[in-house]
Every structure is written in C-alpha cells, then in structure tokens.
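Please keep the sequence and the structure in view while reading.

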Amino acid sequence: MSVSMSSTTSKQRIFGSAENALVDLALQHRGYMKVGTVLHLQGPQININELQTAVNYLQQRHPFLRSRLKHNPDNDKSYLMEEDSNLRLNIREIPRKRDEYLDFWRQEWREHEKDVPIIGEALAEFCLFQDPDDAADDTAPREILFICEHSICDGISISVVAHELLIALGDNDKNLFEQSLDWPVTVEEAIQRTPITAQLPQNSNDANHRIIGHIPSGKIDFSLDDMANYCHTEASYGFLSEEETKAFFAKCHSEKITVTSAISAAVLCSLSKLIDTETTQLTVALGTDTRRRCQPSVPDHDLSYHVSTIPPFAIAQQDISNTIDGMWQLANTFSQYLTNSIEQQQILTIGALIGSLYRMSMGPINLAFAPTCTISNWGLSSFRKCYGRWTLINVLPIVNLVRTVCPLIIVQTVNDSLLIGYLGANPFLSSETFEILRDSTMDYLRKMIK
C-alpha cells in the first residue's frame, strides 16, 4: 500500500523535556512507566502474518511506530526518533492453554516489563496469545498485548492506536491508513502555543502541614530506592456492567458531578478504611489530559505523551464520611476543586514543567512527599464491540509501576462499561491490598448509584 507523506515532515523528531525525562526514567529504573493495553478478543485464530500486516498499517500511519530511538547528536542529554522504512516492530507469538486466557498475559508482562529502551531500536512491541489447539475454533479467546514506552504514548493515545490495530486486523475498509500522520507536537509545544493567563498558586490546600496517610506496606527487606529491582507491577480490575455504568453516569449528571470526582470519592472512602491513624490527611494526585486543554487541541489519535497533573487534592481523614450522602458531598467537593484547578489553568502551567517534575522523581524516594494514591482517567474509549470476525470482550490497562509507592487507579470506559484498574508495586503493596481496594471501591460505587 502506498502512503502519502507530507513534504514538510522530517525524518527525525527531537524529543521534548517530558519525553526525554521519561526515556531516562525507563533507562535508569528498569523500564519504569512503560504502558500496555491488553485486548481480549473472541473469534477465529489470528494468523501471525495477519497481525504483522495490521501492525504494518499502524507503522505507516504513525511516525513514532516506524522510528528508532537515537541520541540527539546536537545535545548529548536528549533523544530523538528517526524514521526507518525497514523497521519491523517486534511481535512475540506465545502459545498458551485455553483455560489460561484470563491471566496468561500477566506472566509475559512481568517477564518483560523491566526491559529498558534500547538506543537504535523501536519503542513499541506486540504479543499474541492463543491456544494452538483452538486453531479450528472460531469462537475461542485470543489476546493481543500492545506495549509502548510512555515517552511516545499516553493512556488515551495507546487506546486509540489499539483500536486502529483491530480495525486493520478485522475490517475491510483501510481508508484510515491511506495517509501518514505528521509528527505529533510535544506537550511543551502544544502548551506554549496556548494562551495562559493564570499563575500556579503557592498553596492549594489548607491542610498542607498534616502528615499524608499511606496504605501500610508489606514486609520488605530492601530500601525504597531499590524498589525497581525487587518489585513487579500488580494489577486488579473492577467493572460496572453496561446497565450499572449507564445508571452511574446518569447519577453523576443529575448531581452535576464529574465521573472522575465521583470515583475519586469512592476511592478515598476505601483508602480511609485501609489507613489506621485518624491524624492524617489523604491526598489524591490526578493525572490529567492536556490534549483538549490546548489551542488548537491535540488529536487523540496522535500517538504521543500529553499528560499533566494538578496540585494534589487533600482532605483530613476524619472528614471522610462513608455514607451515601457523605460520598456525594465529597464528590462535590472534589469536583469543585477540579473545576477551580481547570479555571486557573493549573493543568497547563504544570504541564509546561512536567519534564522537570519527572527529573526530580529520579532521585531518592521520599514517602513523606508521595500522595496517598494517583488517579488517571483514560476517558471514553473509541473501541467497538466487533471488528470483522472478532468480538472485543475486554480491554485492560497496565503500567510499569515498580518504583511507585502509592497505588495508581486507572479509569476507562470501554463499550459502555466502566473499568477501574488498581495497580502498584508488589511486594511493597500486597496483592491482598489491591483486591481489598478494588472490592471496597466497586461496592461504594454501586451504593452511590442507588
């Protein structure tokens, strides 16, 4: 297939501050922040050549996927991506038994999550899992794991590109891939061209002097600074059905509360039960999308990093009520805080400095400055239920968090069903902790619907 290339598109793209910092984080700390998405499918056998062809379509569309990581010759402290028309992304085909289909991907992720970026190689790869004995079964489970370095993707864009992969695999219409996209702008460039009138406040909470509460860690015999060597990423997932999701969204709308704020309230209530002392404050760091805050906005299909944050939301543990009315009041408080942060353009003012913040995180880990948890909403995805001969059953997000001392909660809506992932470093945080946090949060969300 011929692909039209913009005459103004360079064969190289120099990394911005955040992208450079993310590469160095991954290099120094065992692949830290690597991002993945697991596509659970049902349908006929996926031939490796079919998948390779689909990946080729993606490479023809997205510059980062047909490029290799290189040192920037003009700046030894930065990197660039250089196009290579001969580059073929790695696809690992790994057989498994049918009864392993739910969790087999976990061992492959664990085996490779600490792989570091290699200078001269690509920053994305794929894995295919299926049972060879199911070759003739057109209704068998199949899984594709898409892994990408955080320096060239975020939760929104990796989901869109995974959706495009399934289009390339399953649909006859390939018009989407007839033209290549231009290089995506950096997060700093997108923010720089956006008018910013607000200043970042010095103090965002009135409880800054209280001790931040954290989930009790498991028994470990290594220092926090050695976490990346001894920990692996644990993940547990909770779901609301389509009916429950519709009811939850309707309730949020009627309460004039954002979905993120309502989920954050349920998470805070769950965390308050896991933390013993009542003399602390709980803090929530929020991963925020900068794409639609910029002018012009950055398309979701641009495979690239466009994430910021706002000053952590803080609340005294004694002020958290686990009643239904109390949870909605907390959601309202969180929503007002988020609205104020957006109006003050904190997402963009911090986003312009996000590379420096990542640099600061490369040093010694100080638990006292870590939030109680981090929440990242990957939004309403573009996935469909059917792609040609395959049905999409589920999508699971995963991130390398081997150096993170607090849980990361990922929220995503896939085919009208709300998914919430609970991720973190094990054994620093136990598997039981993630399961308790998952079950408690999902129970609170269902109570909030009623």
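Two strands count as paired if DSSP finds at least two bridges between them. The model is a predicted one, and the points below are grouped by topic.

- Six strands make up an open sheet of mixed pairing, in the order 5-6-7-2-15-14, and its edge strands, each pairing on one side only, are strand 5 (90-95) and strand 14 (386-387).
- Strand 2 (residues 35-43) is joined to strand 7 (residues 140-148) by nine bridges in the antiparallel sense, and leucine 41 has arginine 142 in strand 7 as its bridge partner.

**Helices on the sheet**
- Helix 2 (residues 48-61) lies across strand 5, strand 6 (124-130), strand 7 and strand 15 (390-399), and runs at about 150° to strand 5.
- Helix 3 (residues 104-112) also packs on the sheet, where it touches strand 2, strand 5, strand 6, strand 7 and strand 15, with a direction that makes about 135° with that of strand 5.

**Helix 2 against helix 4**
- The axes of helix 2 and helix 4 (residues 155-170) come within 8 Å and cross at roughly 130°, and the two helices are therefore oblique to each other.
- The crossing of helix 2 and helix 4 is right-handed, and the contact is made by Glu50, Leu51, Ala54, Val55, Tyr57, Leu58 and Arg61 of helix 2 together with Val161, Glu164, Leu165, Ala168 and Leu169 of helix 4.
- Of the residues in this contact of helix 2 with helix 4, nine are nonpolar and three are charged, while none is polar.

Definitions and conventions:
Residues numbered from 1 in each chain as written. Predicted model: local features only at pLDDT ≥ 70, side-chain atom pairs only at ≥ 80, totals over all residues. Heavy atoms only, no water. Helix = DSSP H or I, 4+ residues; strand = E, 2+ residues; numbered from the N terminus. Contact = heavy atoms within 4.5 Å. Axes fitted to C-alpha atoms, helices over the stretch in contact; angles between N-to-C directions. Parallel < 35°, antiparallel > 145°, perpendicular 65-115°, else oblique. Left-handed = near helix turned anticlockwise from the far one by under 90°. Nonpolar A, V, L, I, M, F, W, Y, C, P; charged D, E, K, R; others polar.
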